Amino acid sequence: MTEGMELVYYNSWDQSCKQPFGASQAGETIDFTVYRTHPGVRAVYLQVHKDYGAYEEVKLTQSEERFSGSYQLNQGAGLYFYSFRLEVTLDGQDHQFFLGNHADELGGVGQLYVLNEEVRKYQITAVERDDLAPDWFRQGVVYHIFVDRFFNGTDDGRILSPKRDAVIYTEGAERPHYIKNEAGEIVRWDFYGGNLLGIIKKLPYLQELGVTILYLSPIFEARSNHKYDTADFLKIDPMFGDEETFQQLIDHAAELGIKIILDGVFNHTGFDSRYFNGEGTYETVGAYQSTESPYYEWYDFSQHPDEFESWWGIKDLPTLNSDLPSVREFIFDGSDSVVRTWSQMGLGGWRIDVADELSDQFLAGLRQALEESAPESPVLIGEVWEDATNKIAYGKRREYILGNMLHGVMNYPFTDIIIDFLTGELSAHSTVKALMNLKENYPSAMLHSNLNNISTHDSVRIKTALGEATELVKLAFSLMFVLPGVPTIYYGDEAGLSGEEDPDNRRPYPWGREDISLRDEVREWAHRRTNLSALSEGEFVPFALGDCLGVLRYQNAEEWILLVLNPTDVEQDVIFSELESFAHQFTADGLESIAPTAQVPPKRAILYIS
């Protein structure tokens, strides 16, 4: 790197430098312009290489102080990485420098390097097509329910079909915990009695809150309370209800305009399942019991029966050979497969657990089966914790964002950005860069279809992450609703529920003990999203105003919404005429109805709506 030296200007977010912005379709032509800021720059070359593909160099054409040229994304869908090579004369001596991505690899203004091998490359994501999720999903509000912890709908409060050796809480106020043996294995599971009937009874509450989509944690038969250890993919867990009750839930929800998304756990099964049958619970001959079992080839044994592949080494979760034809036939290919059986009941779609563990071919086949069996346009979402556009899992670049696989992923990067900004770990300037990086990398269709979550069953709850500060929780919700993507409320967050990591983040919903002020604010945001298309479809521009973060969403000059947040303990003065935009040049001139200055109270936000 060459500190303090300025030879050229290039900004990947500035459309005068790169057009079009961000991700593109395979075959599209990208226009590049590099601006000379030192007279010694004689020539500029664009260096491009396709991920695991060919390297190309294109000399840009000089016109006065600009070097311009084009490149066609002609090597198919995937990732293209680029930088620039500069030929420069300084003090009569010829030199070669390189211009690439900043060291933080977040895009934006370029950085000079001396050695080509040290250059951080810019990324262009090239997709097969614009793979839009259905309107009902992109424009919706999701509510994520951990079923056992939401509500028991039986009239007398009894627990449906309690498990053997289960710990049953009857008061609902106890904190969840695990009972483990000396090896750290969970030997008894705790339950609160939430069930499908309870969700049916709370549908009016959810509708009034503004929810249009329910995402349910796994509901199939399993020994645990979380049900990620599936025992029978074709049976509702008796503690939750049965197939008839589930159909009632789908039907009643549909009457209120609410879709249902299920959690699909297809990478592994439970040790105690009819397929593995490690406990001998089922009448079937499982893979654990015999090498002659019809399910034996579904699993990888290094030494039968006790040495086998399992998810992250957890023996309770033996891994499926998911690309085996017989497994695919059972999960989605067959006419009576898991995905087709449940989808044809009227599901809105599926969220796929640990999508990185499943091959792209598996996800593509699942997507096809879903679209063939669901009665209406369905959605397929994957659990991915990182930037899904450039994820490498098990030594292979994943392609599930390029089209015909996942419509979106769980947006954990947004979660981290929101929490780090509100806790002071990220400045407003750095927050903008992080947001713009995701905007640049993701295809627009997927960016608007990712699940924006600020808490999940796998993370610390947002209130706890923000030090129990309700004012900051309200700011977190406002950001979740304003950022592009589908806002996802983890049950109880709107009521002020706290929780450390698993299992504490799975406390029961605090019925009768809710934070009414917080709940009302979440409801206001949910209904605002329903009524303002700029929040679901609009362009997205983040910007920094001192310590304050601004987010602009706009359809056009007549329809926009602007949020400015102050996470600090002191009032902040903002001057919109000095707006520092890191995106397209939508400046203060486009916000004529807004006063030139404003005061943002500490730990508060101001909101402008056209």
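**Cavity, sheet and helix packing**

Colleague: Which residues line the largest cavity?

Modeller: Val127, Arg129, Asp131, Ile401, Leu402, Gly403, Leu406, His407, Pro443, Ala445 and Met446 line the largest cavity. A cavity is a set of points, on a 1 Å grid over the protein atoms alone, where a 1.4 Å probe fits but cannot get out; lining residues have an atom within 4 Å of a point.

Colleague: What should I know about the model and numbering?

Modeller: This is a predicted model: local features need pLDDT of at least 70, side-chain atom pairs count only at pLDDT 80 or more, and totals for chains, interfaces and linings use all residues. Residues are numbered from 1 along each chain as its sequence is written, and side-chain values use heavy atoms, without hydrogens and water.

Colleague: What volume does the largest cavity have?

Modeller: About 60 Å³. Volume here is the space filled by probe spheres set on the points, which are joined across faces, edges and corners.

Colleague: OK, new topic. What is the strand order in the open sheet of eight strands?

Modeller: The order is E28-E25-E24-E21-E18-E13-E30-E29, with parallel pairing. Strands (E, at least two residues) and helices (H or I, at least four) are DSSP runs, numbered from the N terminus. Two strands pair if DSSP finds at least two bridges between them.

Colleague: Which strands stand at the edges?

Modeller: Strand E28 (408–409) and strand E29 (451–453). Each has a single partner strand, so one side of each has no neighbour in the sheet.

Colleague: How many bridges do E29 and E30 pair over?

Modeller: Three, in the parallel sense. Leu451 has Val486 in E30 as its bridge partner. On E30's link to strand E13 (residues 142–145), there are three bridges, again parallel. There, Val142 stands opposite Thr488.

Colleague: How many residues of E30 are buried?

Modeller: Five of the five, so E30 is largely enclosed by the rest of the structure. Buried means under 20% relative accessible area (1.4 Å probe, protein chains only). Val486, Thr488 and Tyr490 lie on one side, Pro487 and Ile489 on the other.

Colleague: Why two sides?

Modeller: In a regular strand, side chains alternate between the two faces of the sheet.

Colleague: Now helices. At what angle do H5 and H7 pack?

Modeller: Helix H5 (residues 325–333) and helix H7 (residues 360–373) pack at about 35°, with axes 10 Å apart. Axes are lines fitted to C-alpha atoms over the stretch in contact, and angles run from 0 to 180 degrees between N-to-C directions.

Colleague: Which residues of H5 make the contact?

Modeller: Arg328, Ile331 and Phe332. Contact means heavy atoms within 4.5 Å.

Conventions. 1 Å grid on protein atoms, 1.4 Å probe; cavity = no way out; pocket = protein on both sides within 12 Å on 5 of 7 lines; lining within 4 Å. Buried < 20%, exposed > 50% of the residue type's maximum accessible area, 1.4 Å probe, protein only.
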